[in-house]
Amino acid sequence: MTIRTIDSSKCETCPLRLGPGCPVIESCPTDVLRGDAQGRPHIAYHEDCHSCLLCQWDCPYRAVEVSHEIPLPPFAFI
Amino acid sequence: MTQNYVVKETDVLVVGGGLAGLWAAIRAKDMAPRVTLAEKGKVSRSGASVFCHSTRAPLPENQFDVWLKETVERSGYLADQKLAEIIILENNKRIRDMERWGVIFDRDEKGSLRAECVRGEKTVRSISFQGKQMMETMRNVALGKGVEFAERVMIIDLLTSDGQHPTKGHIVGAVGLHTRTGDVIIFKCGAVIISSGGTSAKVHCHYADNITGDGLAMAFRAGADMLNMEFAANPSFGNWERKFNTGGQQQFLMNGARIINRHGERFLTKYPAWARSEEPEFEGNVEFGDLCRAMAIELLEGRGPVYFDLRSWSQENIRKMRRVLPVTMAAFDAAGIDVSKQPIECTPMMVNYGMSTSAGIRVDVNFQSTVPGLFATGVCAMIGAGQKPQAVCNVTGYVSGEKSAALAGSNKMPSQEQVSKIAQRVLAPLQRGKGPLADEVYDRLNRIVMPYEISLFKEETRLRRALGTLRNIVAEQLPVVRARNPHELVKANEVRSYAQMLLLMLSGALERKESRFGHYREDYPYSDDINWLKWTVASSDENGEIKLETEPVVLPLYRPEEPSRIPARIQFTFGKGR
């Protein structure tokens, strides 16, 4: 569901991580991601992902995989 | 007290880094030395416009009257006609500015802007762009002009010259919260422009979980009049296969998608009013409220699920969808759905998210609210339905940016007492060891307002009951919400805005005794142009409670020829059919 994986092996050679900072962490509107000591992104608040795919688009190395599937509230339907 | 907090001084503070906020900041910076754009996320990756692809085309010569008339008609005559006029007239210049700055609009082989009718448009036209490209371009323009960005800063409440909410004075600043450090930041300024969009229920729909109604709620608390809040929430049906939620419904409909029930029936044609319409075989012009109600009725009466059916489509049409709806089509692919071979289940749902311009803060021709120094732009301002939100962002942002700059240099010291009171309330959830988390309160609120009998089919007794439950939650649970870190603290403050918005939406819905757009009252199942060409006006009393009044709409240019009661096309009494 929602943001699935970040393949951090792809972050090793990323010049952005060591320079201006990981664009994936900054792109998230709901602030789901955080950086570790090396500036690599990890999923800190998974429950707040709304599956908008901005993080996936913003990673030039395709390290992020997002699923479209999201948990919708059952009480809102019949 | 302020010495405990970071204090930032600026001339104009813009709240929200979507398209309207960027326009406001860019224009304000042309006129005022210091402009700060505060954004809860990242400017250009926040707001709704980054996910949008359509705006109003430039007005062709000699079309002004025709466009304005159509726009006012589509607002159900509830538009502020003066504001509608400004939006139509000024948008040309803004589109030109954007192109000059590098925003790419779709053009045909001859190089002309590709202007097309979409979603029920008859004479007015829309043009396409790529939301992300547009927002990045606008971000760069703002930075190039020297707008100061305060990113990951949530603005929570406004500071007023008399230290009061609601104020009898004017705006002197705002209280913000850094979303990662949890630091309180005090902004001192001459004007605040609210550009933070609508309200979402935070249920992972429409990519809007970050758009939480904070700007609208803070404006209400500070004393701004709010108009037609019953129209602030809209029903949607972008829930495919009950698994994911993407845009594109309208594209499918405009290209001839059929909507069918479990038995394969095109159920809209069952409704006499619909069957008599100009194009009964075409679902592209059905108003979303009607469509969602008709779908819900099929589900309630046991003929669900309801499907979008593209099986009769040509491969060329499907290729077109792949081009214009890449995200939605990729989602279908990932779920193993072949749209040319199987119908796609589609579920209506009230998302309590209004991207519409039919509700919001009352503004004058400068887009200034009833509180001096407080401006509202984009979908935060009530302009009237029938508008393209992105065009509204362009013009309201630009004009409010320009007008607010006149207040530069009028900074007044915020009252220490007000700063301290607000800051303590903002931070209080961190000090609580017990109490519900914001997510739990969101869930409780949504369980009250989202079920169909409150959201899609409204009725007085049920609305009163829902409002009562809502008020209990506001009184008992909001004051004890806890947070364990700054991230949860943001949500604890957001849920307060959401509860305020729900109170406004439901109070307005109870007051408006007619049906129009997404607001359907089964006890008043008609649009009542005789008695209800009125705005509902909500304002805050000294205790923060909602005062509601109604006011006839001023109709200077266009009015219905023979005002009458027009029965709702899709009528239903909840519970009767089950």
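1. A word on naming comes first: helices (H or I, at least four residues) and strands (E, at least two) are DSSP runs, numbered from the N terminus. Read that way, chain A has 3 helices and 4 strands, and its elements follow the order β-α-α-β-β-α-β from the N terminus.

2. Some housekeeping before going further. This is a predicted model, in which local features need pLDDT of at least 70 and side-chain atom pairs count only at pLDDT 80 or more, while totals for chains, interfaces and linings use all residues. Residues are numbered from 1 along each chain as its sequence is written, and chains are lettered from A and ligands numbered from 1 in the order in which they are written.

3. Chain A has a C-alpha trace spanning about 50 × 20 × 15 Å along its principal axes. Of its 78 residues, 41% count as buried (20 or more other C-beta atoms within 10 Å of the residue's own, with C-beta atoms placed from the backbone).

4. Now to where the chains meet. Two residues are in contact if their C-beta atoms, placed from the backbone, lie within 7 Å. By that rule, 22 residues of chain A are in contact with 32 residues of chain B. The chain A side of this contact divides into 13 nonpolar, 5 polar and 4 charged residues; here Ala, Val, Leu, Ile, Met, Phe, Trp, Tyr, Cys and Pro count as nonpolar, Asp, Glu, Lys and Arg as charged, and the others, Gly among them, as polar.

5. Chain B has an open sheet of 5 parallel strands, in the order β6-β3-β2-β10-β18. Strands pair if DSSP finds at least two bridges between them. The edges are β6 (148-151) and β18 (374-376) of chain B, each pairing on one side only. Within this sheet, β2 (residues 12-15) and β3 (residues 35-39) of chain B pair over 4 bridges, and Val12(B) has Val35(B) as its bridge partner.

6. A second open sheet in chain B has 5 strands in the order β13-β12-β16-β15-β14, with antiparallel pairing. β14(B) pairs with β15 (residues 307-309) of chain B over 3 bridges, and Ile259(B) stands opposite Phe308(B). Helix α8 (residues 288-300) of chain B lies across β12 (235-240) and β16 (344-350) of chain B, at about 60° to β12(B). For such angles, axes are lines fitted to C-alpha atoms, for helices over the stretch in contact, and angles run from 0 to 180 degrees between N-to-C directions.

7. Which way do α1(B) and α4(B) run relative to each other? Helix α1 (residues 19-31) and helix α4 (residues 131-145) of chain B pack at about 25°, with axes 9 Å apart. They are therefore roughly parallel (angles under 35 degrees; over 145 is roughly antiparallel, 65 to 115 roughly perpendicular and the rest oblique). Residues in this contact include Leu22(B) and Ile26(B) of α1(B) and Met135(B) and Met138(B) of α4(B). By class, the contact has 8 nonpolar, no polar and 3 charged residues.

8. One more helix pair is worth a look. The axes of α13 (residues 438-449) and α16 (residues 486-511) of chain B come within 9 Å and cross at roughly 20°, which makes α13(B) roughly parallel to α16(B). This contact has 10 nonpolar, no polar and 4 charged residues. Among the residues that meet are Tyr442(B) and Leu445(B) in α13(B), and Val495(B) and Tyr498(B) in α16(B).

Conventions. A residue is buried if 20 or more other C-beta atoms lie within 10 Å of its own, exposed if 12 or fewer, and partly exposed in between; C-beta atoms are placed from the backbone.
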